[in-house]
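Please consider the structure shown here.

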Amino acid sequence: MEKTIKLNNGLEMPMVGYGVFQIPEDQTKEVVTAALNDGYRLIDTAAGYLNEEAVGQAINESSINRDEIFLTTKLWVQDFDGDNPEKAIDGALKRLNQDYIDLLLLHQPMGDIYNAWRAMEKAVKAGKVRSIGVSNFESFQVQDLMMHNEIKPVVNQIQINPLNPENDNVKWLKGNDIVPEAWGPMGQAQAGIFTNPVLVKIAKAHNKSVGQIMLAWNLERGVVVIPKSVHPDRIKENFDVFDIDLSDEEKQEIATLDQHNSYFKGLLTPQTVKALGSMKFDYKN
Ligand SMILES: NC(=O)c1ccc[n+]([C@@H]2O[C@H](COP(=O)([O-])OP(=O)(O)OC[C@H]3O[C@@H](n4cnc5c(N)ncnc54)[C@H](OP(=O)(O)O)[C@@H]3O)[C@@H](O)[C@H]2O)c1
């Protein structure tokens, strides 16, 4: 299985990364260091995770060359309007203590996304950011963003796992040369996903864990995964997924797990847009 994927701007992105959502700042340096030592070369953080400084420290203190690491962060909605995106990009560079960010994402399709996108385009031209993309966008929103701006997003980071395969969005993104990237690739350990009988059976057949099967299933579809764990054994395990070859029959069985109207769907309701769109984080730009 390929370990990297080529983005539409020609850059290579690792297929398996390490996500740091909900990891407290004081624990982040240690776990990112463990992930780097285990072979991860993609780290996924966000201004809203309030742990960018620790991510930057782990990267700067590792013996791995910076150009071998692919660092993603995200701008939060509170920074999308006016001249806030420029300040937020400089703020992220400062918090991360980096000369550049490999991939900068609009965290949510809310607020003044067009203004923020144009500032992100300028940051690419200024060499502050190498690639730009979006997160939690519906495909129609990605289409509109592409039509009215210069630089096309390289990825759309959305929730994708066997209970929520996002078949239509994955197909559309791939057809438009935009890489689908899975957040919550293990369903955030919700909805009994780790004890799902189909996944347990397939995991046993491969002598792998359910988590590894979920990750391999996404990789095989050309979807980048960024699993999160704070446990050293799981961090290691979640990177040991490149040798799993699922049979057509197994993939068909996994396809039956799509819950359609499940808990995972419909995250972007008027209520959540109101709650997320007004959420403010206390990071300093
Ligand atoms: N763009 C967005 O809006 C957005 C939203 C959410 C997440 N993300 C990104 O995506 C990353 C991953 O998503 P996520 O953290 O929400 O969910 P996830 O990776 O699907 O699941 C994480 C959960 O699974 C558990 N876990 C991890 N590996 C395991 C294993 N091998 N066996 C059993 N349990 C395991 C973790 O517990 P332990 O930590 O206790 O091991 C944690 O409870 C985030 O860290 C973040 O970078 C982005």
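Biologist: Which helix gives the most to the shell around the ligand?

Modeller: This is a predicted model, in which local features need pLDDT of at least 70, side-chain atom pairs count only at pLDDT 80 or more, and totals for chains, interfaces and linings use all residues. Residues are numbered from 1 along each chain as its sequence is written, and side-chain values use heavy atoms, with hydrogens and water left out. The ligand is surrounded by 27 residues, each with a heavy atom within 4 Å of it. The element giving the most, three residues, spans residues 232-239 and is helix 9, helices being DSSP runs of H or I with at least four residues.

Biologist: How far is an oxygen atom of the ligand from an N or O atom in the side chain of Arg-234?

Modeller: Arg-234 is among the closest residues to the ligand. A polar contact is a pair of N or O atoms within 3.5 Å. For this pair the distance is 2.7 Å.

Biologist: Is helix 3 parallel, perpendicular or oblique to helix 4?

Modeller: Helix 3 (residues 84-96) and helix 4 (residues 113-125) pack at about 50 degrees. Angles under 35 degrees count as roughly parallel, over 145 as roughly antiparallel, 65 to 115 as roughly perpendicular and the rest as oblique. Helix 3 is therefore, relative to helix 4, oblique.

Key
Polar contact = N/O pair within 3.5 Å; in protein donor to acceptor, adjacent residues only side chain to side chain. Helix = DSSP H or I, 4+ residues; strand = E, 2+ residues; numbered from the N terminus. Axes fitted to C-alpha atoms, helices over the stretch in contact; angles between N-to-C directions.
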